[in-house]
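Work through the exercises below with the coordinates open. Try each task before reading its solution.

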Amino acid sequence: MSTIFQTSVALVQGTTLSDQVTAVLRQNITNGIWDVGAMLPSESALADNLDVSRTVIREALSRLKAEGMLASRRGRGAFVASNRPRAGFAIAEQDVESLRNLSQILELRMGLEIEAAALAALRGKEDAHANIAAAANAFERASDGGMAGVTEGVSTDLRFHRAICEATGNDYYLGLFNYLGASLKETILAGRLQALKRGGESHGAIAEHHGIAAAIALRDPVLARDRMRAHLEMSSVRLLGSLRSAEGCAS
Ligand SMILES: [Zn+2]
């Protein structure tokens, strides 16, 4: 029996591990086991208790941050910001399973990230720019891993895009990106696996990331916008194409 969690959440079929972990953490907050203002146990303690990877914990934490239930203190981890789930913008789990809804979510992502790239170019600090370049390199290394590296590839892709939102210095950009990223991650992973299975491995994204990082480092917002738009358009085409072929539909 877990020492941190006094409740158990029934596993619901069709939900992901991170949905389930998010539900357990949310329940620990709403039932007052963690009071408002309380620091959460460390990521590794949570991972050990729930017997999941730290990646799953991080994803659940970022969803709860996007919901406004958790916030971060610099260098000290997450604390409870609110015990009430904030009603408001939400993407339902099943939305990403419909290609029509998915393409609309990807369109929303473009609106957010094209402007984030421009803001990162205009006002990102040196260290934020260095994080973007480092994330582009990490994505390149992960992309050599073939089938085995696919999870790492998706994580480092999201890390690159998150680093750009961080460089805007606007926490709302980061919060919305984290929400979208957590919503899309499983779908992106499914698309990548499908592409690899079909031997359609594309290295285009590596060069596209480096191009965006270079435009941001040059502090050129117009170029950064253009390159981010091109990358996200290509990414959407690649993702929707893989998923469509997985469903066996033409077009
Ligand atoms: Zn990307």
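Predicted model: local features only at pLDDT ≥ 70, side-chain atom pairs only at ≥ 80, totals over all residues.

**Exercise 1.** Classify the packing of helix H2 (residues 43–50) against helix H3 (residues 54–66).

*Solution.* 
- Start with the axes. Those of H2 and H3 come within 9 Å and cross at roughly 110°.
- Apply the cut-off. Angles of 65 to 115 degrees count as roughly perpendicular, so H2 is roughly perpendicular to H3.
- H2 and H3 cross in a right-handed sense.
- List the contact. H2 supplies Glu43, Ser44, Leu46 and Ala47, while H3 supplies Arg54, Ile57 and Arg58.
- Sort these by class. The contact of H2 with H3 holds three nonpolar, one polar and three charged residues.

**Exercise 2.** Compare the reach of helix H7 (residues 171–197) with the expected value, then locate its bend.

*Solution.* 
- Count first. H7 has 27 residues.
- Check the span. First to last C-alpha, H7 reaches 37 Å, close to the 39 Å expected at 1.5 Å a residue.
- Look past the end. Gly199 follows H7 and has a positive phi, near 70°.

**Exercise 3.** Describe how H7 meets helix H9 (residues 221–247).

*Solution.* 
- Take the axes. They come within 8 Å and cross at roughly 70°.
- Classify. H7 and H9 are therefore roughly perpendicular to each other.
- Name the contact residues. From H7 come Ile188, Ala190, Gly191, Gln194 and Ala195. From H9 come Arg238, Leu239, Ser242, Leu243, Ser245 and Ala246.
- Sort them. The contact of H7 with H9 has six nonpolar, four polar and one charged.

Definitions and conventions:
Residues numbered from 1 in each chain as written. Axes fitted to C-alpha atoms, helices over the stretch in contact; angles between N-to-C directions. Helix = DSSP H or I, 4+ residues; strand = E, 2+ residues; numbered from the N terminus. Parallel < 35°, antiparallel > 145°, perpendicular 65-115°, else oblique. Left-handed = near helix turned anticlockwise from the far one by under 90°. Contact = placed C-beta atoms within 7 Å. Nonpolar A, V, L, I, M, F, W, Y, C, P; charged D, E, K, R; others polar. Expected span 1.5 Å × (residues − 1). Bend = angle between axes of the 7 residues up to and from the residue.
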